[in-house]
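Hello,

Here is the structure for you to look over. My notes follow below it.

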Amino acid sequence: MLVSTVRRIIGFCTRFPWAVIGLGVVLTVASAAYSAKHFAIDTDINKLISPHLDWRQREADLEKQFPGHFQSTLVVVDAPTPELAGVAANALAQKLTSQPKLFQSVENLSGSEFFAHIGLLFQPLEEVGKLTQGLPRAAPMIGTLVRDPSLRGLTRILSFGLAGVQQGASTLDDLARPMNLASKTIEDALAVRPAVFSWQELLTGKALTVSDTRRFIMVHPVLDYSALEAGRASSDAISKAATDLDLAGTYQARVRLSGSIPMGDDEFASVKGGALVNGI
């Protein structure tokens, strides 16, 4: 039965080849038009679980009351000094803010005006006391920094230190660390190596930590769930902005991405890459 059916189909096709070809073309065009109109991709993983569940409703209420990090990209900016990291983060945040089609909001977490004005209130009482007591003594140095934040200003500050030694207000041992910091910077500059100097490290008298030289920018990108990687366009825009600003060359800054959006895109990218490797 099956053999005879196949023979009849083959016989019909050989007898009317052009009609069969025409029918195949029409069916192909109709299938393509239907697929283009009705087939779509949605990569919003939040739709995989019903929003009517109790815990999903509580999650939605929490996000509504405290808009946060569920659909965000965390931009991490690292540089050799706090000053370079801060300037690089500010420049990048301003660049991203000028692209509203890609970013709903851009917040420089380390450059908040709120903490710039009242950040001392969050420091331990003892540290605030030490800082306020030292401000009058540091007034000449601070004034010099404001007028001339360069190596020339640094040498003037060191001259103040030498004057303090002559007057007995300090010792040469007290100047050892500032002199070492300054000499390293000058030696690197003369050797045409990347030279950095941190006023914060000089004034605090403490070695810089990773938290000192790292800044964060919170970005809420415009997502395209019709694409396999919904946030890829925004992530690429961040990388391009860092390249256009030459943050690596100008500030020796490194920019990395974290957060739910880049991680989700990487998961989809790994799935896509695995599918291609397996020939799917």
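**Salt bridges**

The count comes to five salt bridges. Please keep in mind that this is a predicted model.

Start with Asp 78. Its side chain meets that of Arg 256 in a salt bridge, 2.6 Å from N to O. The two sit far apart in the chain: Arg 256 is in strand β4 (residues 254-258), Asp 78 is in strand β1, and 178 residues separate them.

Asp 78 also pairs with Arg 214, with the closest N and O atoms 2.6 Å apart. This pair links distant parts of the chain too, strand β3 (residues 214-221) for Arg 214 and strand β1 (residues 73-78) for Asp 78, 136 residues apart. Together, Asp 78, Arg 214 and Arg 256 are linked in a network of salt bridges.

How covered are these three? Asp 78 has a relative accessible area of 10%, so it counts as buried. Arg 214 is partly exposed, at 26%. Arg 256 is partly exposed as well, at 33%.

Another pair is Arg 232 with Asp 266; their closest N and O atoms are 3.5 Å apart. Arg 232 is partly exposed at 27%. Asp 266 is partly exposed at 46%.

**Helix α1**

Helix α1 covers residues 2-15. At 1.5 Å a residue, its 14 residues should span 20 Å, and the end C-alpha atoms are 20 Å apart, which agrees. Helix α1 is hardly covered: one of its 14 residues is buried.

Best wishes

Conventions: Residues numbered from 1 in each chain as written. Predicted model: local features only at pLDDT ≥ 70, side-chain atom pairs only at ≥ 80, totals over all residues. Heavy atoms only, no water. Helix = DSSP H or I, 4+ residues; strand = E, 2+ residues; numbered from the N terminus. Expected span 1.5 Å × (residues − 1). Buried < 20%, exposed > 50% of the residue type's maximum accessible area, 1.4 Å probe, protein only. Salt bridge = Lys/Arg side-chain N within 4 Å of Asp/Glu carboxyl O.
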